[in-house]
Amino acid sequence: MTFDAYRRQWLGNVRGDLLSGLVVALALIPEAIAFSIIAGVDPKIGLYASFSIAVVTAIAGGRPGMISAATAATAVLMVTLVADHGLQYLLATTVLAGLLQIVAGFARLGHLMRFVSRSVMTGFVNALAILIFLAQVPELVNVPWLTYPLVAAGLAIIYLFPYLTRAVPSPLVTIIVLTAVVMAMGWDVRTVGDMGELPDTLPVFLIPDIPFTFETLTIIFPYAAAVAVVGLLESLMTENIVDDLTDTKSDRNQECIGQGLANTATGFIGGMAGCAMIGQSIINIKSGGRGRLSCFVAGVFLLFMVVALGDVVARIPMAALVAIMIMVSIGTFSWSSIKQLRTHPRSSSIVMLATVAVVVYTHNLAIGVLVGVLLSGLFFAGKIAQLFRVSSTLSEDGRVRTYHVEGQLFFASAEDFMAAFDFKEAADRVIIDVSRAHIWDISSVAALDMAVLKFRRDGSEVEIKGMNEASETIVDRLGVHDKPGAMDKLMAH
């Protein structure tokens, strides 16, 4: 990327990024506190993390306009670690997870996202929308009755205010209006301050107080690896969504590096690990944020508000933030996917629904996406295998049998390939024509070897013709039918 392009990502939308950053900062505060509670640590751990991760990813990330901070996806992975070993091990795990993500970025693992199908993406988005909504339910149960009209009023402002003007983001107006009303009326409703005590000092650099031994590494490495994988997975999935919303392209490998640098830095200032946040990213985009400045401002505003304006921020009613998050869940869910269940292929619908079900059930995005990817792979393999066929012709003199192979020869079609041959036929010569086929893997090479050697064992002369360059390369490297002792190897197996 050129310096001018990087500069435009910072200064190309200053007004929109400043306003959207403020909205996101306010939405981040209760989330960061809630995620700290999930992980079993003090609220300031999540708040410091959200500040640090947002600022560093704004500078070093690969997706302008995407918001990264402390998240539930990573917090739930560290509950057992904190309970068993304490905060310092969590900080060390955060640093190690960041280093692993940096390695993943330099290894260009971000390109693995191309194997995530559209059905998995839709399932991921829908599951996240459901989880975002379910996370608001505790704020709507056993609360003062005033909470409900406040949430309704907040939703009304969010959806109706843009008809008056879009100069100011409607979520920001919602927060200001509801806070002013609650303070003026003196209503007793749940506020941000009820979530936990806000920090009143800036974070400081510290090295995790742990023994630097191999035993320590064996404790933190499994957690760090899980955090790194889940963090990158959620970040790259969110990156794809922001790409679609903004019709722009991002740098996946640079995002891996940016997330890694953010987590590494966060561990050294007393924060927990995090990643990209789909809810806040959508708030940012819908509020007009597009550049790196929006994420940077969100992090800086967050720290400024909790440290310098903590008393004011603590009085923001949770109803305002609940209304915003309900808007996010409604906007995130792919409503068209419900109608498409009737029109899309059944396999695509199953993948989407399975991804949603597993994510919602486990609250683990990585497991849900993994299940979706595996199902996509199985359905794809089955579909391609059905396009494979073998036909044959016999010469007029009955001495030459030619088998015409068409389609993709791989593990799923290898059995059909073998079943197509008549090894009992006593033809003098057998030609296997693969000019309209492609040989992909060791299973297909082994099937070809088996076919050739079985024919030769019965006295037939065998010729393979029409092999393309790629197929010839893998057969020459892995095949045994033309190598000494091939028949003995066949009999051995």
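I looked up Trp-335 and found this residue in the loop between α15 (318-332) and α16; helices (H or I, at least four residues) and strands (E, at least two) are DSSP runs, numbered from the N terminus. The model is predicted, so I note that local features need pLDDT of at least 70 and side-chain atom pairs pLDDT 80 or more, while totals for chains, interfaces and linings use all residues. Residues are numbered from 1 along each chain as its sequence is written, and side-chain values use heavy atoms, without hydrogens and water.

I then checked the surface. Trp-335 belongs to a nonpolar patch with Tyr-159, Leu-160, Tyr-163, Ile-330, Ile-338, Leu-341 and Leu-353, about 860 Å² of accessible area together. Areas are Shrake-Rupley with a 1.4 Å probe. Two or more residues of the patch come from each of α8 (147-160) and α16 (336-343).

Next I took helix α11 (residues 252-267). Twelve of the 16 residues of α11 are buried (under 20% relative accessible area), including Cys-256, Ile-257 and Asn-263. I found the buried residues of α11 packed against α3 (43-60), β1 (68-70), α6 (87-106), α10 (214-246) and β2 (274-276), with contact meaning heavy atoms within 4.5 Å.

Terms used: Patch = residues over 30% accessible without salt bridge, like charges linked within 9 Å, V, L, I, M, F, W, Y side chains within 5 Å. Salt bridge = Lys/Arg side-chain N within 4 Å of Asp/Glu carboxyl O. Buried < 20%, exposed > 50% of the residue type's maximum accessible area, 1.4 Å probe, protein only.
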